[in-house]
Amino acid sequence: MRPKSPTGLTKSGKAPARSWIGLGVIALPCILVSMDMTVLNLAVPHLTTALGPSAAELLWIVDIYGFMVAGALMTMGTLGDRIGRRRLLLIGAAFFGLASAAAAFATNPVQLIAARAVLGLAAATLAPSTLSLIRNMFEDDGERRIAIGVWIASFSAGAAIGPVVGGLLLEYFWWGSVFLVNVPIMIVLLVLGPLLLPEYRDPNAGRLDVVSACQSLVAVLSVVWGLKRVAEHGPDAIAAAAIVAGLALGVVFLRRQRRLSDPFVDLALFSSPAFGVALAVNLAGFFFMFSVFYFVPQYLQLVVGLSPFKAGLWTLPSGVAFIAGSLLVPAIAARLRAERVLIAATGFAVLTQVDPAGSLATAVIGSVIFSLGLTPVITLTTDIVVGAAPPERAGSAAALSETSNELGGTLGIAVVGSIAMAVYRSAMASEPAAASSETAQATIGGAVAAAETLSPEEAEALVVAAQDAFTAGMQLTAGISVLGLLATAALAAAFLGRARSGPSREEA
């Protein structure tokens, strides 16, 4: 048997078999977090009918999870460096299971929003813990690239099976069942984690700076809340004050990091232009990706007219494309190329052609093209970010990567979703069929629910008007996404065209 280093690696730097088995355990929470997002999107029409949320409450139900994740990621990544990444992972798993049970049995929108907030805080421990564990378990560049591909593929697998599992649950059970399914998976992780995952922490880590933790949380939440308010209601003094306050607090946070001997964010990582640009490309990719996750399931159910289960099945091709794109990265390239972002833009161009009469093939084909184009980009930029950090700071780097991902996805739902809702409300405001129903004017799910109380002729007119308005909003946001991804491709071409997917340890 070859001798092993103190980290558990073989003398050649290759990871032992135990690390690859542990990678399978690490995939469990990644699958779960992704499932939790996709099944919620599928359950939106059912939530609307059962709980009767307003348009703002519905957005908060979807958004608050990502808001809390984005706000707490830097704190959790740094905390993992101090108390141990496996320990933090298991603590987060326990709270994620408990919060899932609370969400499943919520009886009103406020309770569900509160449970989703706790879920977000718990989820903030999962992603940086798993990604930083990978950074320590796989020091070889090639093996780490494969492991990160598997890590992202596990998110993709969750996105793929989530709609199918959620569709089956929604077909036979109440909407809360899509949250309750999280509990047994978390129990499995709590049992297998201590047996198969090694523990890593920074041996020289200082004390957790509570002031920095509060600053990062409040800064992110203030900016996101302000942008969300602008998207929903237009610019006003309250939104401007929130955004300015958040940005100012962010500046204070960064200045504080320069003075700390053991900062939350290692600003030296940003000395490499590729590191910062990789974070920006990730943020843009998730910004537009999550708009697909939000709109397509609703379009398949409420416009095409599919049942939840059939809608879930028709999202499988996109999920399979995500998995394929993640796992094939080591084989297709070691360099980031801008044309992969252009492929994703092409997928959105296809989505601009969805029809209010229900164009199933267009929605599926556009989603598949988008998935194939963007997933390799995310895998490679993630490797750039994580590979740039020394092993003892892996938690901090992983938190930065995940912050860009979650913040991008959350902003995508908040901003792009709000634009689409504004288009919907504007169109429905002039529709006689919706004049007597505020819920019908707020969301397409509300219109479908309101139609059940009308005569057949009035119901048909209301539903057709809602489908036309929803599709118009979806077409507009797809067009905006095309332009945004073209700009992202230009950024990648200018700064990352020659960047390897992960710098060697010597370069880091």
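This is a predicted model: local features need pLDDT of at least 70, side-chain atom pairs count only at pLDDT 80 or more; totals for chains, interfaces and linings use all residues.
Me: Which residues have the most contacts inside the largest nonpolar core?

Reply: In soluble globular proteins, nonpolar side chains tend to be buried together. Here the largest nonpolar core has 117 residues, and those with the most contacts inside it are F96, L112, F179, F348 and F370. Helix α10 (residues 273–303) supplies the largest share of this core, 16 residues. A second, separate core of 13 residues includes A213, L269, A274 and L400.

Me: How is a pair of aromatic rings described?

Reply: One states the distance of the centres and the angle of the planes. By this rule there are five aromatic pairs. In one of them, F105 and W174, the ring centres are 5.7 Å apart and the planes stand at 35°, so the pair is tilted. F105 lies in the loop between α3 and α4, and W174 in the loop between α5 and α6, so the pair ties together parts 69 residues apart in sequence.

Me: Which residues make the nonpolar surface patch of about 660 Å²?

Reply: The patch is made by F105, L168, Y172, F173, W174 and L180. F105 is exposed at 53% relative accessible area, F173 is exposed at 52%, and W174 is partly exposed at 36%.

Definitions and conventions
Residues are numbered from 1 along each chain as its sequence is written. Side-chain values use heavy atoms; hydrogens and water are left out. Patches are made of residues with over 30% relative accessible area and no salt bridge: like charges are joined within 9 Å, nonpolar side chains (Val, Leu, Ile, Met, Phe, Trp, Tyr) within 5 Å. Accessible areas come from the Shrake-Rupley method with a 1.4 Å probe; for residues, only the protein chains shown count as cover. A salt bridge is a side-chain nitrogen of Lys or Arg within 4 Å of a carboxyl oxygen of Asp or Glu. Buried means under 20% relative accessible area, exposed over 50%, partly exposed in between (1.4 Å probe, protein chains only). A nonpolar core is a set of buried Ala, Val, Leu, Ile, Met, Phe, Trp, Tyr and Cys residues joined through side-chain atoms within 4.5 Å. Helices (H or I, at least four residues) and strands (E, at least two) are DSSP runs, numbered from the N terminus. Rings of Phe, Tyr and Trp (its six-membered ring) pair if their centres lie within 6.5 Å; planes under 30 degrees apart count as stacked, over 60 as edge-to-face and the rest as tilted.
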